[in-house]
Amino acid sequence: MTRSRIGNTELISDLNNRLVLQAVRVAQPTFRAEVSRQTGLKPATVTSIVNSLIERQLLRETASPLPADTTGQRFGRPPLMLEINRDGKRILAIDLEPDHIRVGLADLLADMQVYREQPIDRFDNPDVILREVLQLCRTVLGTFPRKNLLGVGVSLPGLIDRQNGILLSSTNMPKWRNVPVATILQKELRAPVRVERAVHLAALYEMWSHPEHQNRKVLVISLRTGIGASLLLDGQLYVGAHGLDGEIGHTIVDINGRDCDCGSRGCLETFVGAPAIVARARALIADGKAKSLSDRTRGGTVNMPEALYELAREGDADCAHLVRDVGRYIGIAVANLINLLGPNEVVICGAIDAAEELILRAIREQVNQSALPRMRDGVVVRAAAEREKLPLLGAAVLIAQDLFELPELRHAEMPVASA
Ligand SMILES: [Zn+2]
């Protein structure tokens, strides 16, 4: 249902419900009086909204954690506080990455209660991969009653039609052309499905979990199979025309470089994308180097980047050299973005856990070398605490945000290009 179709009274009541839920979420547990102060709603209005939200099992009352005398009530019980009834509903979150699928069952605060992941072959047909996704969903859902499922949020790579839930194309998954992901999943899961690009969802979760980003410019860089960027601009998610932006993986770093799957050549992804890292690691092995990597992967390429990162951290010189080189290239892209956009903070998310310090150090060193001094001063470059799960968590927020007043995160009305 679009906002414009809701009647005026209903719209205001819907807005007030969201305001109250959001005020409770960021301050919980909190008192009704505080909610009234934060939202500017009259105490009587807050009481009536709170009662209806408790009835709908979205809010619940909880005993104050404060000792009775610090609440000003020396005698008797302290007044009840409010918190989100995180168990009132569940959200199914799916992250379809070219080499991995991740599925989680989240509560209303977007915390994962059940989680499963598995590697996939990105050259498989979409119907094969979607069957694996659905199987993982069934495992995660178990006996959970579908009527308590608020919705399903899906993180997708590549070019999407978010209104119709279609994956139009993905450079890293060449067989995916106009696949109606939402329709297929909705039919099986019997719950509303919404899709969004992975890198936007990573930024969405950053916003949700860091209210202080409201007044800051934050760059979120996603290092997964591909590499992307998203910009949070004083509490708004920047979205380009056609819903596309942040394709730093396809910015060109070598005009004479190798062909890229996107049709161009010398793109950053041909240096630091997962397939490029695998190719470079294989070339090392073919040269008789990185023997430990060849032993650990037993000549295969499954989990090759992860094995490479692990060995680099363990001190293998050849692996560490390659990982530092990857970090340098990413650092050049980050430095360019800092020069262009002047962010306060750069957040890196991705499957780099094992070699995080090595890669972060290389990125920071490159930023110090390449970004303009006045622009890089004070810019924090850090890894997201949630690592590669950021888009999955963002997929849960995509559904949860329908309940909370987060207008700055709404960009779904953007026009979308058709393939
Ligand atoms: Zn490219």
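Helices α11 (residues 317–341) and α12 (residues 356–370) pack at an angle of about 45 degrees, their axes lying 7 Å apart; the two helices are therefore oblique to each other. The model is predicted, with local features requiring pLDDT of at least 70 and side-chain atom pairs pLDDT 80 or more, while totals for chains, interfaces and linings use all residues. Residues are numbered from 1 along each chain as its sequence is written.

Helices (H or I, at least four residues) and strands (E, at least two) are DSSP runs numbered from the N terminus. Axes are lines fitted to C-alpha atoms, for helices over the stretch in contact, with angles from 0 to 180 degrees between N-to-C directions. Angles under 35 degrees count as roughly parallel, over 145 as roughly antiparallel, 65 to 115 as roughly perpendicular and the rest as oblique.

Contact requires C-beta atoms, placed from the backbone, within 7 Å.

In helix α3, Val-46, Ile-49, Val-50 and Leu-53 are buried (20 or more other C-beta atoms within 10 Å of the residue's own, against 12 or fewer for exposed and partly exposed in between, C-beta atoms being placed from the backbone). They cover an arc of only 105 degrees around the axis (taken from the directions from the axis to the C-beta atoms), which puts them on the same side of α3. The face turned away from this buried side carries the exposed residues Ala-44, Asn-51 and Glu-55. Cover for the buried residues of α3 includes α1 (8–27), α2 (32–39), β1 (59–62) and β2 (81–84). Just after α3, Gln-57 takes a positive phi of about 65 degrees.

Technical notes: Contact = placed C-beta atoms within 7 Å.
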